[in-house]
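Colleague: I would like to go through the assignments in this model one by one, and for each I will ask what it rests on. Please set every value against its cut-off before you conclude.

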Amino acid sequence: MKTVWKFSFEIKDTIKIKLPAFAEILHVETQGNFPAMWCLIDDEAEYVEKTFYLRGTGHEVEKNLKHITTWLDGPFVWHLFENKG
């Protein structure tokens, strides 16, 4: 069955999150004190660890990264990336 789940994470350069395989990121936004990622998932899928990269505006972005989303967090603007490969 497909459902929408929320996965919270910390603000840091490299983020590792266990998500169900083939999770589709729908939205990222800060809720309370932490950013959260809402994903459409198959709740019967195996969990896999995925690595994301968080960059602030003006920070260097490596060439191998693909942009996932951008969101506002008070005075900050965060940009979430994933490896292209």
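Colleague: Why is K2 called exposed?

Modeller: K2 has a relative accessibility of 62%, and since exposed means over 50%, buried under 20% and partly exposed in between, with a 1.4 Å probe and protein chains only, K2 counts as exposed. The residue is found in strand β1, residues 2–8, where strands are DSSP runs of E with at least two residues, helices being runs of H or I with at least four, and both are numbered from the N terminus. Please bear in mind that this is a predicted model, in which local features need pLDDT of at least 70 and side-chain atom pairs count only at pLDDT 80 or more, while totals for chains, interfaces and linings use all residues. Residues are numbered from 1 along each chain as its sequence is written, and side-chain values use heavy atoms, with hydrogens and water left out.

Colleague: Which residues does K2 touch, once residues up to four places away in sequence are not counted?

Modeller: With contact taken as heavy atoms within 4.5 Å, K2 touches L40, I41 and D42. H79, by comparison, is 77 residues from K2 in sequence and 27 Å from K2 in space, C-alpha to C-alpha.

Colleague: How do you know that K50 and E82 form a salt bridge?

Modeller: The definition asks for a side-chain nitrogen of Lys or Arg within 4 Å of a carboxyl oxygen of Asp or Glu, and the closest N and O atoms of K50 and E82 are 2.9 Å apart, so the pair qualifies as a salt bridge. K50 lies in strand β5 (residues 47–56) and E82 in strand β7 (residues 76–83), so the bridge ties together parts that are 32 residues apart in sequence. With a relative accessible area of 25%, K50 is partly exposed, whereas E82, at 18%, counts as buried.

Colleague: How many salt bridges does a search of the whole structure find?

Modeller: The search finds two, and the side chains of R55 and E62 also meet in a salt bridge, at 3.0 Å from N to O. R55 counts as buried at 9% relative accessibility, while E62 has a relative accessible area of 34% and is partly exposed.

Colleague: What makes the pair of W5 and F7 tilted?

Modeller: Rings of Phe, Tyr and Trp (its six-membered ring) pair if their centres lie within 6.5 Å, and planes under 30 degrees apart count as stacked, over 60 as edge-to-face and the rest as tilted. For W5 and F7 the centres are 6.3 Å apart and the planes 40 degrees apart, which gives a tilted aromatic pair. W5 counts as partly exposed at 33% relative accessibility, whereas F7, at 11%, is buried.

Colleague: And why is the pair of F9 and W71 called edge-to-face?

Modeller: The angle between the planes of F9 and W71 is 90 degrees and the centres lie 6.1 Å apart, so the pair is edge-to-face.
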